[in-house]
Amino acid sequence: MEDSIDLILQDWAFSTNRPHVAVSACTGALLTGLYGVWSLFVVPGFRKVPWSLKVPYLPSSKDQTQNVMKLLEGRRGRLADLGSGDGRLVFAASSAGFQCTGFEINSILVAYARSKAYWRGIPSTQATFVKKDFWKTDLSSYNNVTAFLAPGVMEVLGEKLLKELPDDAHVIACRFPFPNWPQKSSTGSGLDRIFGYEISTVRSHLRNAPNT
């Protein structure tokens with residue numbers, strides 16, 4: 001991705017063989033600025049994560065956040081948001097009484113979410129943002145987990161959660177479901193669809209599933 005963008009920038013900004021050099025230069029400057037913004041929010045921390053587990057920053061929509069909160073109704077306790085981004089889901093859950101931790105490897109997004117929490121007066125006992133790789137973190141102390149990642153990592157994430165989470169844990173996946181996991185509930189449609197799972201039910205289902 002970075003290499004392809006660099007090539008585009010070079011093609012637009014530094015080519016003098018085109019008839020409209022001034023237009024090309026302006027366009028190149030615009031693309032350079034956009035690339036800089038993209039780099040701030042996406043690149044930091046990426047190189048510390050294996051390529052197969054990398055997921056670009058994509059903020060949850062308002063409908064997605066509301067749908068997650070619907071599936072969290074009646075739940076309490078500690079919540080881990082995996083890849084918390086700008087913190088919008090953590091803020092929504094903390095306002096509902098959860099003790100939330102947002103895991104994010106992008107230092108810019110972590111700083112942004114922390115500043116929002118500070119200016120909103122939200123104590124760290126309700127919402128904490130950590131610059132930490134959740135793939136390398138033991139999540140056994142959380143009984144609620146939310147994740148808006150990519151379809152290619154859901155199976156690996158499922159294996160990790162089954163190893164670490166307590167039986168009473170509730171897991172919510174945004175947009176992309178866990179393969180082979182029986183859903184307890186779902187809400188929304190299309191890109192805003194949310195899936196809910198009970199770890200105890202998933203474990204029982206997988207134990208009793210016929211070997212293929």
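Asp86 is buried, at 6% relative accessibility, where buried means under 20% relative accessible area, exposed over 50%, and partly exposed in between (1.4 Å probe, protein chains only). Its salt-bridge partner is Arg88, with N and O 2.5 Å apart; Arg88 is partly exposed at 34% relative accessibility. A salt bridge is here a side-chain nitrogen of Lys or Arg within 4 Å of a carboxyl oxygen of Asp or Glu.

The model is predicted: local features need pLDDT of at least 70, side-chain atom pairs count only at pLDDT 80 or more, and totals for chains, interfaces and linings use all residues. Residues are numbered from 1 along each chain as its sequence is written, and side-chain values use heavy atoms, with hydrogens and water left out.

**Confidence and overall build**

The protein chain has a mean pLDDT (the predictor's confidence in each residue, from 0 to 100) of 80, and 71% of its residues reach 70 or more. Over residues 1-55 pLDDT stays under 50, and for this stretch the model has 58 contacts beyond four places in sequence; contact means heavy atoms within 4.5 Å.

Seven helices and seven strands make up the list of elements in the protein chain; helices (H or I, at least four residues) and strands (E, at least two) are DSSP runs, numbered from the N terminus. Their order from the N terminus is α-α-α-β-α-β-α-β-β-α-β-β-β-α. Of the 212 residues of the protein chain, 41% count as buried. Among contacts between residues at least 6 apart in sequence, 62% join residues at least 24 apart. The accessible surface is about 11,600 Å², with 57% belonging to carbon and sulfur atoms; such areas come from the Shrake-Rupley method with a 1.4 Å probe, and for residues only the protein chains shown count as cover.

**Salt bridges**

The structure holds four salt bridges. Side chains of opposite charge can pair when their charged atoms come close.

Glu164 and Lys160 both belong to helix H6 (residues 154-164), where they are four residues apart, about one turn of the helix. Glu164 is partly exposed at 22% relative accessible area, whereas Lys160 is buried at 9%. Glu198 is partly exposed at 28%, and Lys184 is exposed at 53%.

A nonpolar core is a set of buried Ala, Val, Leu, Ile, Met, Phe, Trp, Tyr and Cys residues joined through side-chain atoms within 4.5 Å. The largest has 24 residues, and those with the most contacts inside it are Leu82, Leu157, Leu161, Val171 and Phe178. Two or more residues of this core come from each of strand S1 (78-82), S4, H6, S5, S7 and helix H7 (199-208). H6 gives the largest share, three residues.

Leaving aside residues up to four places away in sequence, Phe178 touches Met154, Leu157, Gly158, Leu161, Val171, Ala173 and Tyr197. Apart from this core lies another, of 21 residues, among them Met69, Phe98, Ala117 and Ala127.

Met69 is also one of the buried residues of helix H3 (residues 62-71), together with Gln64, Thr65, Asn67, Val68 and Leu71. The buried residues of H3 pack against helix H4 (88-95), strand S4 (144-147), S5, S6 and S7.
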